[in-house]
Amino acid sequence: MAARSLLSVLLLLACVLLEPQNARALTLSARLIHRFSDEAKALRISRSGEDYKDLGRWPQRNSMDYYHLLASTDFQKQKMKLGSRRHFQFLFPSEGSNTVSFGNDFGWLHYTWIDIGTPNVSFLVALDTGSDLFWVPCDCIQCAPLSASYYSTLDRDLNEYSPLGSNTSKHVSCSHELCESGTNCESPKQSCPYTVDYYTENTSSSGLLVEDILHFAAGGDDGPNTSIEAPVIIGCGMKQSGGYLDGIAPDGLLGLGLGEISVPTFLAKAGLTKNSFSMCFDEDDSGRLFFGDQGPATQQSTSFLPSNGNYETYIVGVEACCIGNSCLKQTSFKALVDSGTSFTFLPEALYDKISEEFDRQVNATITNYAGSPWKYCYNTSSQDLPKVPSVTFMFVANNSFVVHDPVFPINGNQGVVGFCLAIQPTDGDIGTIGQNFMTGYRTVFDRENLKLGWSRSNCQDFSDAKSMPLTPSKGTPPNPLPTNEQQSTPGGFAPAVAGRAPSKPSAASSRLVSSQFCSLRLLPLLLVLFLIVLVI
């Protein structure tokens with residue numbers, strides 16, 4: 001260490017002696033010697049005093065042993081490079097990987113606790129793959145109630161974020177590359193405003209963008225979990241409207257879309273995880289969320305499709321639809337895979353074909369429930385759901401996404417009294433695969449390879465990823481039938497595709513480094529070089 005320090009001082013001295021206006025340019029040259037050359041061998045013998053026979057393994061040029069030694073060194077260098085990066089196999093919120101659905105009380109979406117800022121504050125945020133921005137209620141002007149007494153399923157109050165209360169919060173100016181509203185600002189230095197309008201009617205969030213840290217835990221193959229602090233840009237949601245005032249995502253929304261401002265993008269660009277994440281929703285309304293998960297090798301998959309030439313949302317192409325063992329003709333369509341939509345929506349003509357075939361195959365009596373928008377509902381004489389035909393989406397290469405129970409139960413005083421086909425029609429030619437059809441699957445959003453992956457899972461046993469911390473999930477009460485207002489809203493009354501920040505090239509300016517950086521008088525340079533040689 002002392003030698004290195006002295007070397008640094010000597011190099012600094014060399015630059016202090018810089019006088020470019022008076023000195024002539026000096027060119028320094030050096031000969032390169034290959035480490036397995038005869039010259040290198042002779043040099044090693046002369047310096048170490050070793051005998052030729054004591055050199056050990058010295059390969060003959062262009063022999064197999066020669067190339068093997070070269071490759072071995074390359075592999076060691078690659079391991080050193082990989083080992084120097086803090087790249088974790090899995091990343092999940094520090095509060096745990098668990099997700100949970102509270103049914104009607106919280107809009108039938110899945111939620112997870114996530115900690116923000118310093119000191120850290122916990123927020124119960126909805127998971128939404130159909131939008132990008134992560135926002136939380138903040139310095140509220142118009143927000144949903146945050147008291148636990150307002151909700152039947154909470155045992156603690158929800159929190160409100162304040163940038164002034166966090167030591168790690170930072171101002172995001174209008175000149176920031178991710179400030180979509182920057183052109184409307186009076187000054188490039190003022191705080192960047194945001195407004196996100198969601199597909200659900202009159203539902204939006206608006207406020208200011210801020211930078212702060214999210215708290216994660218990391219798991220990998222070679223050690224215990226590690227605490228990670230990741231800087232991200234979040235929305236300080238001062239004003240919410242529509243569904244966000246009625247119990248949907250009252251404590252914030254975690255946008256997981258493909259946009260530059262989404263949390264998965266920040267994590268991947270920071271080199272913390274692979275550019276992928278998985279969500280797993282179990283039958284008991286619990287689930288898991290893991291960043292960096294690319295799924296098991298045995299999973300099925302299909303490619304995401306571009307929209308207007310760009311990959312902006314998780315859209316997939318369904319080749320055909322099957323009910324039970326009957327595959328229907330002319331049933332191809334495009335669909336957005338959206339955890340932020342509670343139920344599944346199909347283009348109207350396709351909906352008619354599928355629901356009519358389902359009705360033909362189901363062994364139950366069709367009925368109507370007063371005020372319900374669900375057209376295909378049925379009575380059941382058993383307290384348990386009867387066996388119903390599955391719904392299968394077929395993809396290229398014969399990959400299939402099978403929904404074994406494409407219905408939701410209707411509970412009465414004596415248990416299950418009926419069920420409804422959990423599909424609704426929608427306008428347009430793009431449907432939505434909502435989180436109800438994702439239940440029972442480990443769904444992987446592989447953004448790195450632009451693929452959707454899926455494999456059947458109970459969300460507890462990930463045999464290919466033993467390092468995943470899978471704590472037992474807490475039970476939740478059975479979910480009642482959605483309210484009439486929630487049932488009738490196109491897009492599942494939940495947030496669907498939101499406005500996203502544009503993907504722009506980095507605004508960071510490149511630094512030009514001049515190749516002519518030192519000119520020294522000859523005598524001082526020789527003195528410095530002589531001292532360096534003595535140190536070495």
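Predicted model: local features only at pLDDT ≥ 70, side-chain atom pairs only at ≥ 80, totals over all residues.
## Overall make-up

The protein chain has 536 residues, of which 49% count as buried, and its secondary structure comes to eight helices and 28 strands. Among the contacts in the chain with a separation of 6 or more, 68% are accounted for by residues 24 or more positions apart. The accessible surface of the chain comes to about 27,900 Å², and carbon and sulfur atoms contribute 52% of that area.

## Aromatic pairs

A search of the whole structure finds 23 aromatic pairs. In one of them, the ring centres of Tyr198 and Tyr244 lie 5.2 Å apart with the planes at 85 degrees, and because an angle over 60 degrees counts as edge-to-face, the pair is assigned to that class. This pair links distant parts of the chain, since Tyr198 belongs to the loop between β7 (193-197) and β8 (204-219) while Tyr244 belongs to the loop between β9 (226-241) and β10 (253-255), 46 residues apart. Both Tyr198 and Tyr244 are buried.

Phe393 and Phe437 form a tilted pair, with 6.1 Å from centre to centre and 40 degrees between the planes. Here too distant parts of the chain are linked, with Phe393 in strand β21 (residues 391-394) and Phe437 in helix α6 (residues 435-438), 44 residues apart. Phe393 is buried, with a relative accessible area of 0%, and Phe437, at 1% relative accessibility, also counts as buried.

## A ring cluster and charges over rings

Ring pairs also join Phe216, Phe277, Phe291, Phe304, Tyr314 and Phe445 into a cluster.

Two arginines are placed over aromatic rings: Arg156 lies over the face of Trp113, at 3.7 Å from the ring centre, and the charged end of Arg456 sits over the ring of Tyr441, 4.7 Å from its centre.

## Helix α5

Helix α5 (residues 348-361) has 14 residues, which at 1.5 Å a residue should span 20 Å, and the C-alpha atoms at its ends are 20 Å apart, in agreement with that expectation.

The buried residues of α5 include Leu350, Tyr351, Ile354, Ser355, Glu357 and Phe358. An α-helix has 3.6 residues a turn, so residues three or four places apart point the same way. Seen down the axis of α5, the buried residues fall within an arc of 160 degrees, and therefore they line one face of the helix. On the other side of α5, Ala349 and Arg360 are exposed.

Technical notes
Residues numbered from 1 in each chain as written. Heavy atoms only, no water. Phe/Tyr/Trp six-rings, centres within 6.5 Å; stacked < 30°, edge-to-face > 60°. Helix = DSSP H or I, 4+ residues; strand = E, 2+ residues; numbered from the N terminus. Buried < 20%, exposed > 50% of the residue type's maximum accessible area, 1.4 Å probe, protein only. Lys NZ or Arg CZ within 6 Å of the ring centre and 35° of its normal. Expected span 1.5 Å × (residues − 1). Arc of directions from axis to C-beta. Contact = heavy atoms within 4.5 Å. Areas by Shrake-Rupley, 256 points an atom, 1.4 Å probe, with all protein chains shown as cover.
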